[in-house]
Amino acid sequence: MKLSRTWIFPLLATTLLCGCAASAHAPVRPRAATAVDTAVDDAPPVRESAAWWYRNGALHAHANGAGKARARNVILFLGDGMSLATVAAARIMEGQRRGENGEENLLAWERFPHTALSKTYNTDHQTPDSAGTMTAIATGVKTHMGAIGVSAGHVDDCAGSHARHVLSWLRLGSSAGMATGIVTTARLTHATPAATYAHVPNREWESDRNMPAAAIEAGCRDIARQLLDFAPGRGPSVALGGGRGRFLPTTAADPQDASLTGLRRDGRDLTAEWLAAHPGGALAWNAAQMRQAAGASAVLGLFAFEHMPYHHDRTGDDPETPDLAEMTRFAIEKLSGGNDGFVLMVESARIDHAHHAGNAFRALDETIAMSRAVEAALEATSREDTLIVVTADHSHTMSFAGYPGRGNPILGTVRGRLSDDGRSDGEMLDGLGLPYTTLSYANGAGYTGASEQQPAGPKHLPHKPRAYQAGTGRPDLRGVDTAHPDYLQEALVPMRDETHGGEDVGVWAVGPGSEAFRGTMEQNVLYHVIVQSAPRLRERLCAAGTCDADGTPVRLPDPADFR
C-alpha cells in the first residue's frame, strides 16, 4: 500500500519544524504539540488503520532520535509473558541460588543503560495474546488477538487477510541482504517466531492439519509452509526451536521418537523441502547434530516434536536439547560471517507456558535461562555495532506481595524481617491464621478447591483441571514444600489455564539506537526504533518509496516489494 506524499510533507513541516499543530481531540494543551502528539491526533490515515499505526510509530521513533543510530546488527530477546513481577522475582531467585539475599541482584539486561515501558493491548482486547503483540513488535502495526503478520480484521477471515499482510523486520532484513535468524524454545510455528515470517489471521493454523478447509480453499497457507516462503538465497539461515510435527507428514515417523508420526495431511515433508532450498544446509534433531552443523551454510534445528522441554527438565550432563544460551551463541556465530550484518530474534517461550500452568518455579527458571542467553549475546557481539533489545510481549497475573523480610526465599511462605541477632519475626499468617506464599496468581490451575484431578489443597504439576469444586478455605501450607519445582502457587479464581495480564512490560536496550527506547511507548514503536536504528533496514525501506524527505520510513510498506 502506497500513501500519497501530498499530506505528509505539510504535516512534517508543521509538526517537526514548528511543532505548533493543535490536537483534534484536545484543542487546548498546556504545552506545544510534539510530532508524536500530532501523529496520534491529526494523522490523515483512518485512525487505527494499518497505515495509521505504522506512520504513528515511525514518527515516535524519529522524534526519539532512532534515525541517528548506525546499528549493523540487531538482536531482539523476547521473554514471552515476562512481566515486571517475573523479572523482579527471577532476579531474586538467581541471587538466592548464589547464596545472596537476592534483592540486590540484577539480571543481564537490567544493567542496560536505556529502558522504557511498552503498552501491550491488541486492537480488540485490553489484555492481549502473543500473536497480536509480537506482530506489533515485528511489523510496526498493532492488530487483533490471534493475528500473525496481518493487520486488524477477523481471526477467521482468510480471504480478507490477503490484502492485509504487513512486513516484518526479519523479512525486511532478508530482502536487504542481511543474515537473519530465529531462536525459540517453543515450536518454530508458534505465535512469537511465526510473527517474524508468516501471514495468517489465525495463529492456530500452524500446519494444514489445523486449518479449516475453507481457509485452504481461500488460498491461505499454514505457518510451517511459510518458513520456506522466501526467494532463493533468502530467509532465515538459522532457525532453531521445536515443533517437528508441523513439518513432517503423517506417513513419517519422528526421527527422535518412533512412536510419533508427523502431523501434516498434505503429504509434504517440509524438512526435505527446506534442505532442497538450502544447498549445503543441515538439519539438526538434537544438540550434538547442531554442533556438528557449524560449517553448514544454513541450519534448521527442530529439537522436539512439540515445544522444547523446560530448562529445568533437560536431563543429563549433556542433554539432547540445547539450552537457550547455546542456541543463541550458535546463531550469532553463524550469522556473523556475512558482510551486511544480521537480525536475530531469540525467544524464551516457556516463561509463558509455566505461568499458564501456575508454576512460578519454572517461569522464573526460564527467565534466568534467558539472562544467561543475553550474557552470551553480549560476549559474542560489540556494543559499538549491535543493538540488543530485551522485552516481553505481555505480562501474566503472578503477584509479588505480602511484606516478606529481606532475603526471604522467593518461593517460600512469607516471613518477617530478620533482626540484628538473626532472629525472624516469624511466619506471617492470613486472616484465617494460615501461612501464605510471596508469589501467587490471580487465576489459574492453582485454585485450592478440589478438581477432578487433585483433591482440595495444594496443587502440583501436571494439573489441567476441567472442573473444580467450591473451595472451603485456604490450605495449611505448614509442611508443604512451596519451593518444589512442581508446586503450583495458589490462584484466586479457578481456571484450567492462568491468563495473561494487561499491564505494561519492560524494554531494556543497549547499543546503537538504544537511547531511543524511553518513556512509555506503544508496542509497535519498537519495530520502528529497530528499523530506523539500522541503516541497512532503513535504506531498503526508502528504496521502496516508503520514506519522507528526511529519510524516515513513514509509509506502510507492501510486503510484495520485499521478496
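User: How many salt bridges does the structure hold?

Analyst: This is a predicted model, in which local features need pLDDT of at least 70, side-chain atom pairs count only at pLDDT 80 or more, and totals for chains, interfaces and linings use all residues. Residues are numbered from 1 along each chain as its sequence is written, and side-chain values use heavy atoms, without hydrogens and water. A salt bridge requires a side-chain nitrogen of Lys or Arg within 4 Å of a carboxyl oxygen of Asp or Glu. By this criterion, the structure's count of salt bridges is 30.

User: What is the relative accessible area of glutamate 522, the partner of lysine 119?

Analyst: The side chains of lysine 119 and glutamate 522 form a salt bridge at 3.3 Å, N to O. Buried means under 20% relative accessible area, exposed over 50%, and partly exposed in between (1.4 Å probe, protein chains only). Lysine 119 is partly exposed at 29%. Glutamate 522 counts as buried, its value being 19%.

User: Which residues are linked with Arg187 in a network of salt bridges?

Analyst: Arg187 and Glu306 both belong to this network. Together with Arg187, the linked residues are Glu206, Arg246 and Glu306.
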